[in-house]
Structures are given as structure tokens and as C-alpha cells.
Amino acid sequence: MAVKPLHNIWIRRQQCPCGDWKCYIKYDGDDQSTVASQSVKSELSSSSPLSQEVIFTPYVGQIFKSDDEAFEYYNNFARKNGFSIRKARSTESQNLGVYRRDFVCYRSGFNQPRKKANVEHPRDRKSVRCGCDAKLYLTKEIVDGVPQWYISQFSNVHNHELLEDDQVRLLPAYRKIEEADQERILLLSRAGFPVNRIVKVLELEKGVQPGNLPFIEKDVRNFVRSCKKTVQENDTVLTMKRDNDMLELLEACKAAAARDEGFVYNFTTDGNGKVENIAWTYGDAIRAFSLFGDVVTIDTSYRSITYGMILGMWFGIDNHGQPIFFGCTLLQDETPKSFSWALQVFVRFMRGRHPQVVVTDMDSGLRDALAIEMPNTKQIICIWKVLSKMSSWFSVQLGMQYSRFKSEFDMLCHLENVEDFEHQWNHLVAQFGIGSDKHLSLLFSYRTSWPFCYTRNFFLARAMTPEYSKLVETFLKNILSPQSSLKCFFKQVGTAASFGSENRKELLYLPIKTCLPLEEHARTVLTPFAFSALQQEIVLSLQCATTEMANGSYLVRHYKKMERECLVIWIPDDEQLHCSCKEFEHSGILCRHSLRVLVVKNYFQIPEKYFLLRWRMESSLIPLDDQIIANGNNECSQAFHSLTATLLSESFISKERFDFVHGQLTTLLEHVQNMPVSDRSISPNNIVKS
């Protein structure tokens, strides 16, 4: 096996939180390339487009953009028809380079007799070649200065039997061990599993019938044998690279600290003085933590297969709903000791401040370290991290019942009442007969950390929404592209974590929807992100009916009784609102039920205490000038709002008017979307009036 390129490659950690080293995770929602390397079904569909398109018989004169495209086309045709192909000769000239390619059936030609080795019983292997004349010859020509390839000869006449679908996949050309499977095979081999047992384990993990893997036992045996020859050389090279790159990273941190007084870093060394763990952050991140450090997301889902190190990233969520970088660490292992060191360093970086809530995965080492280092911080398991593991844990076990189980589990996650959750949990376990499953037991033991009914009492600043989780994943993927060294990774982190004004996005203008003074007031205080969330609650509050209780509290419900009835406690002395739905305590945004009570009480402004500092425009990390803060009230926004309101009312007078306006607006929208975008942004100073 050839030595892998010495680039720093990041992959998802696949070790299951159940602690069983034989159990690994295949994540829902991974990109297609990752999924393709982990499942037979995806591998077949990705290696051949036969399931998506019809492959027609090649013909003389058929044109391709490149010889590689022609080979792929012929290869797909061959697989569909029960044989495989190989590349034969190529012809080149000084002017055209390679101008002819010959592709032939894998049984074309005859093997030349070889000199027998000087051994007592030489192996006499029978050749599969039988002189088959099936072939496809390509010729290159230049048309209008552009090279293209066309089929000059084609024959599909075979002198041997063609294979069925279940046999053709076993031809050497179509057998491939994907990278994820290679790692799994090496892990099992190092644990002492014989090759035949490794194959059975892979079949069970992938949920396929015996013999239906995209490779055979012989391929696994050859792969393990070749790895054993080179693993020692690879380990030596990678160890040297790791040591050198860690020293380079340490020097890069020292240089950054010399340039920026706010930059801080820390590291540990082993008994030989080599860098073991390292962590760093920036002055802007420390200042941001003072505003938005109440809720911190710790992501430890990636590791470097080049260096064998765990990546830990600390994030927050700012008042615009965007992830904020708080810090980064590279750890030698995933033990509680390493995580404890990282947490201690993080607290020192943030000048002794602790977050109120930490959102993590089900990593037992990290959770144990958090319990020791941050005993007063609430640990929350991200619900999307739980849901991403469902398929890997239960799809094979439940088979056809899995989709129904997944649907009911999703509903279970979002129940509002603890008693309802535990009742439905018992019902789910009994219904699908999985009470003894170790993963289900693990989830239940962590139940105070992930279902909504247990986490609704804690402030999470909207860091558990799917939109925020996707933004964090996008941030990670932007910095985890393959790099030549850890120094390059350090630069990528610094670029992605930049708080410079060039990263500032224009604030969106959000028109009011209800004309309530409450809404107009909130728009002048909150960021567009926070106002959009509050505006949705204001709109929904109009669908709520209220019933005043004897003690001055209110029962608030949907007018069609589509939602659970909520109790809103109103304390007029200091304008306090407490709703049983706990939305304000959970996200910092007033709920529809409380807003409805304010409307009933003839409030024209929301009390200041319900505009949290973290959601206000004034808390933005980048100082906003008066023009940007007033963006929602500038002359341009008011002009459009007035015009669209008038157009709407006029268009509803008759059907003819409505059809005309709808058609004109559709055309206008397409025209505007196709207009080029200049760097000059609109403001009241550059509006041209007629």
C-alpha cells in the first residue's frame, strides 16, 4: 500500500458514545461523498450512474469532450452488460500529443508465457484472457481550436459468457475498499480479528447479506497484508511530520502573540519535551465572550487522521444569530484528563468567566471533564447531534419499522411536559421491543440534557435551532479543508474567526406586519435576527384568545385550540410576565402568550427588561453607525413600504387589476434579480429623486 499524501486530513470521529470500540457512527446528513464511502448502496450508486440514467450502446462517430469521459461511459456500459474493460495501447504525436486511445474487454488478448521461478513447485495460474475482440477505439481531432474525441472503431462481440448483475460486481475492476472501510478493517485487524471475521463484522454493520459487500475476502486479506508492510514506515514519517508541524504551530502562536496583545495560547509537552496539546484564542474573541459567553457550544466531532489529534472548537451565538469563534484546541487524545486541561485553559483565556450553559455532543470524556471543571454550568446535548445518530443505531435493527420509529422519536424530543415524555418513552420502547438496546439506555440516562421538556427551563439563546447548527457546520467545513501543515490550519482559523468590518453583513430591512405599536418599537431596538423571531410571535399572538383569572393571571390559548393552553402570570407592580411555555427563559424572546397579555393591557411598548442586551443592535461586535441603526427607518425603506401598501390595496379592487399587477411584479422581480450587483450600497444620501 502506497504511503498516503502527507496532508492534514480532517474526518468525523466515528467512535460511538456507548463506549464499545466495535461500535461506530455513520452520521445522518453527511455529504454524499461521506455517505458513499460508508454504505454499499451509496457506493454502487456513486460508482456507477446506472440507477440514474440509461447507458446506450456506444457507436462509431460518438463524440466525447475527453478520453476520460469516454472511458467512464464505456466502463458503465460494460458493467451494465456483464463485463469489465481495461486500457490498452495509446498513440501520440509531437503536435497532438496522445491522439488515440484503445479500450478493450478485460479478456482481450492472451497472456505471454512467463519464465517460471526457480522453485520446486511453481504456481501455474490460469489466465482469464481468451482473445476477446470487444473493443472501443478513440481518436482525437481539433475542431475550431477545441480538442474532442470520437469513436473510430467499436465492437461488442464477445467470445465468452457475460456475467449477471450479482456476478459482475465481483470483477476486480469494480471491487473497491473505500477509505472509511479501510480504517475500520485496520482497526479490527489490530484488535486481532481474522480476515473472515472482519468481513462478517462489516456485513453486520452495513446491514447487507453475506457476500454482498463491494469487495471480497481476498481483497481484505491483500489490503491487510500490504498495510503491515508499510505501516511502520508510515508511522515513522507521520510522527516526524507531527513533531515538526507542532513546533511550527507553536512558533506561529508565538508570532501572533507578539503582533497582537490580545492573542493568548497555551500548550503542554510530554516527557521528551515534544508538544502534546495546544490551545489558542484571539483578543476579539475574549471581548466577544463578555457579551455572548452565556451559552457556549463545544464541538469535538472532528479529528485529524494525519496527526491522530482531536479538534475542539468553542463557539457562541451573537445578536445576529451568527456563530462566534471563542477558542480552538488540538488534543493528543480524548481522555477526561485532556479535556480537563482544555477547559481549564479556556476559563483562563476568558479571564475566569464561566458560561451558564454548554452545548455538547454525548462525548463521555468531555462530559466528565465538564462536571469537574465547570460544576455550576449546565450541560446540554445538542438535539441535532442525537438525531444524526438514529440511523446508525436503529435502522438495521428495526428494518422497515425504522421510519415510523424515527417519526415517533422526533415527536418525543419536542414534548413540553416531563410526565408526557416518560410515558411516551415507555410506550415507544414497548412498541418496538428495544428495551434492552444499549444506545436507548444511554439516551435515557442522559435524558435531563437533550429533550425539550428538560432543557426548556435553561437559556440557550437559540443555539439549538437547526439553522444555527448548520452555520456551525459550515464554519467548520470552511476551516477543515485539507492543509499541507498545521501552520496553514492556524491561518485558516484566524481568517474564519476574524471580527473585522469586512465580514459585516448589511442589516436587512424587515417591514412591520401587524401595525401594532409593540412591533414598531421592537424593530428600533432589536437586531433583524432577534426582531424576526419576535415578529413571528407577535403575528401568532393575534390568533390567541385570553381568559382573565381571579388572581389577575391569564389563560391564553389558540382560538382553534390547536396548541396547549398556557398560563401567563401578570405582576403589574414591576411589569413582570411569567408564561408556562418558558419561551423567554429559553430563548430571550417574549412568547406569543405574553405578548397577547401586553396587548390586552393596552401596552404600546414592550417593557425594557424584555429586550435582553444580547439581542439589541447596540450589542453588535462591530460598532454600527447611525445610518445603519436607522436603516429600518430611512427614506428608502419608508418609500418602498408606502408604495407596496398602496399597490396592494389598489390591486384588490378587481381581478383584472390583480392579474395585471401580479404579472408586472413577476417580470420586474426577474429583471432585478438578473441585474449586476455593484459594490455601492444604497443609503438616503444616494437616492436619486425625480
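This is a predicted model: local features need pLDDT of at least 70, side-chain atom pairs count only at pLDDT 80 or more; totals for chains, interfaces and linings use all residues.
Reader: Are F64 and Y73 buried or exposed?

Author: A residue counts as buried when its relative accessible area is under 20%. F64 has 6% relative accessibility and is therefore buried, and Y73, with a relative accessible area of 18%, is buried too.

Reader: Why is the pair of F409 and W450 called stacked?

Author: The planes of these two rings stand at 20 degrees, with the centres 5.7 Å apart, and so the pair is stacked. F409 belongs to helix α13, whereas W450 sits in the loop between α15 and α16, so the pair ties together parts that are 41 residues apart in sequence. F409 is buried at 0% relative accessibility, and W450 is buried as well, at 1%.

Reader: Which cluster do ring pairs build?

Author: Ring pairs link a cluster whose members include F409 and W450, along with F444, W425 and Y454. F444 also has a charged neighbour, for R447 lies over the face of its ring at 4.0 Å from the ring centre. Elsewhere, R79 lies over the face of Y174, at 4.8 Å from the ring centre.

Reader: How should I read the buried side of a helix, and what does α19 pack against?

Author: The general idea is that an α-helix has 3.6 residues a turn, so residues three or four places apart point the same way. In helix α19, which covers residues 517-525, the buried residues are L518, E519, H521, A522, R523 and V525. These buried residues pack against α20 and α22.

Reader: Which residues form the nonpolar patch on the surface?

Author: The patch is formed by L647, L665, L668, V672 and M675, which together have about 420 Å² of accessible area. Helix α25, residues 655-673, gives the most to the patch, with three residues. L647 lies in helix α24, and at 34% relative accessibility L647 counts as partly exposed.

Key:
Residues are numbered from 1 along each chain as its sequence is written. Side-chain values use heavy atoms; hydrogens and water are left out. Buried means under 20% relative accessible area, exposed over 50%, partly exposed in between (1.4 Å probe, protein chains only). Rings of Phe, Tyr and Trp (its six-membered ring) pair if their centres lie within 6.5 Å; planes under 30 degrees apart count as stacked, over 60 as edge-to-face and the rest as tilted. Helices (H or I, at least four residues) and strands (E, at least two) are DSSP runs, numbered from the N terminus. A charge sits over a ring if NZ of Lys or CZ of Arg is within 6 Å of the ring centre and within 35 degrees of the ring normal. Contact means heavy atoms within 4.5 Å. Patches are made of residues with over 30% relative accessible area and no salt bridge: like charges are joined within 9 Å, nonpolar side chains (Val, Leu, Ile, Met, Phe, Trp, Tyr) within 5 Å. Accessible areas come from the Shrake-Rupley method with a 1.4 Å probe; for residues, only the protein chains shown count as cover. A salt bridge is a side-chain nitrogen of Lys or Arg within 4 Å of a carboxyl oxygen of Asp or Glu.
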